[in-house]
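Please look over the sequence and the model shown here, and then follow the explanation that comes after them.

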Amino acid sequence: MKLRAYLLMLFTVAVWGTTFVLVKDALADATPLAFNLVRMALAFLVLSIAYRRHWREVSRKQLVAGGTVGFCLAMGYQFQTAGLVKTTPSKSAFITGLVVVLVPLFSIIPKLRPPGAKAPRWNAFLGALLAFSGILLLTIPATGAGLLPDFTSVNMGDLLTFGCAVGFAFHCIALGHASPRIHFQPLALLQVGFCALFMALSMPLSGLWGEHPHMHLTLRLGVALAVAAVLATAAAFSIQSWAQSILPPAHTALLMTLEPVFAWITSFLVMGERLGLRPASGAILILAGIALTELIPQPHVSTAHEA
């Protein structure tokens, strides 16, 4: 049973990593908001069929909790996909991984802490320092002297992706409050359903930054939507929740740190993306910060993808 959980969890992390490249490629045929809306609508349809017997469990309090979690999830994916248009898949994955260090930092505020969670420990602050140092190296080019960062050359896609990490961090915190009170199945239905609803409501706002939502149906777009909706959302959420009930949290956390690694490997093999010495050093520092934050035993908080 444990071996199956390890293998399925590794498969899930690999799927999450490879979707960065798939989605990046598909965005040539669709605008980010349109892609996200169809992705979440399809995922909601799959979950609605799979968990159709659990609709009767939904109460008013669960609707409020599901709406809160779904809003944060929508925020994360909207920023992530919009940022992916203007940055590389591996950069997007490493920056998204910052959610692991942001959650403990936000937990400094007592009211944001999930029930029973304690204040962040020393490793959370050291991990954050390492991760944010890595972000500077990964995203900000050096000046002519080659030492100091040139903040005038920051990529807008990287900034948007950082917004995604903030959104996913609040998603984790919201899940930490909701999951002890709601069974997984109705919570999965509600958060994905509300996520799709908020994405639909945000479509008219896309004109503010010059985006006119559209989709040009192609094979690569269809494959990306199928993988993102069915494998990376509906199936992955279910697999992770099952695996985390069997595996030790530290082992699950270690597997989760491989997500940006899978994204970089896929980007290298498919798109030929290479990281120079400076951004590669930044990526290593981010992984070190994530590992330090996650692998020191501490109260469990749901991860960014956990339903």
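Which residues of α2 are buried? Taking buried to mean under 20% relative accessible area, exposed over 50%, and partly exposed in between, with a 1.4 Å probe and protein chains only, the buried residues of α2 are Pro-32, Leu-33, Ala-34, Phe-35, Asn-36, Arg-39, Met-40, Ala-43, Leu-47 and Ser-48. This is a predicted model, in which local features need pLDDT of at least 70 and side-chain atom pairs count only at pLDDT 80 or more, while totals for chains, interfaces and linings use all residues. Residues are numbered from 1 along each chain as its sequence is written, and side-chain values use heavy atoms, with hydrogens and water left out.

The chain as a whole has 12 helices and zero strands, where helices (H or I, at least four residues) and strands (E, at least two) are DSSP runs numbered from the N terminus. Along the sequence, the pattern accordingly reads α-α-α-α-α-α-α-α-α-α-α-α. Of its 307 residues, 49% count as buried. Contact here means heavy atoms within 4.5 Å, and among contacts between residues at least 6 apart in sequence, 88% join residues at least 24 apart.

Helix α1 covers residues 2–26, and at 1.5 Å a residue its 25 residues should span 36 Å, which agrees with the 35 Å between its end C-alpha atoms; the expected span is 1.5 Å times one less than the number of residues. At Thr-19, α1 bends by about 30 degrees, the bend being the angle between axes fitted to the seven residues ending there and the seven starting there. Helix α2, made up of the 19 residues 32–50, reaches 27 Å from its first C-alpha to its last, close to the 27 Å expected at 1.5 Å a residue.

Two packed helices are described by the angle between their axes and the distance between the axes. For α1 and helix α3 (residues 60–84), the axes come within 9 Å and cross at roughly 65 degrees, with axes taken as lines fitted to C-alpha atoms, for helices over the stretch in contact, and angles running from 0 to 180 degrees between N-to-C directions. The crossing of α1 past α3 is right-handed; a crossing has that hand if the near helix is turned clockwise from the far one by less than a right angle, and is left-handed if anticlockwise. The residues that meet are Phe-20, Val-23 and Lys-24 in α1 and Gln-80, Thr-81 and Leu-84 in α3. By class, this contact of α1 with α3 has three nonpolar, two polar and one charged residues, where Ala, Val, Leu, Ile, Met, Phe, Trp, Tyr, Cys and Pro count as nonpolar, Asp, Glu, Lys and Arg as charged, and the others, Gly among them, as polar.

Returning to α2, Pro-32 lies in this helix and counts as buried because its relative accessibility is 9%. Leaving aside neighbours within four places in sequence, Pro-32 is in contact with Leu-27, Thr-81, Ala-82, Val-85 and Glu-211. Between Pro-32 and Phe-79 there are 47 residues of sequence separation and 9.1 Å in space, C-alpha to C-alpha.

With 21% relative accessibility, Leu-160 counts as partly exposed.

Helix α9 (residues 219–244) holds Trp-242, which is partly exposed at 31% relative accessibility. Residues up to four places away in sequence aside, Trp-242 touches Met-1, Arg-4, Ala-5 and Leu-8. Trp-242 and Met-9 are 233 residues apart in sequence, yet 9.3 Å apart in space, C-alpha to C-alpha.

Finally, Ala-291 belongs to helix α12 (residues 277–295) and is partly exposed, with a relative accessible area of 22%. Its C-alpha is 8.9 Å from that of Val-100, a residue 191 places away in sequence.
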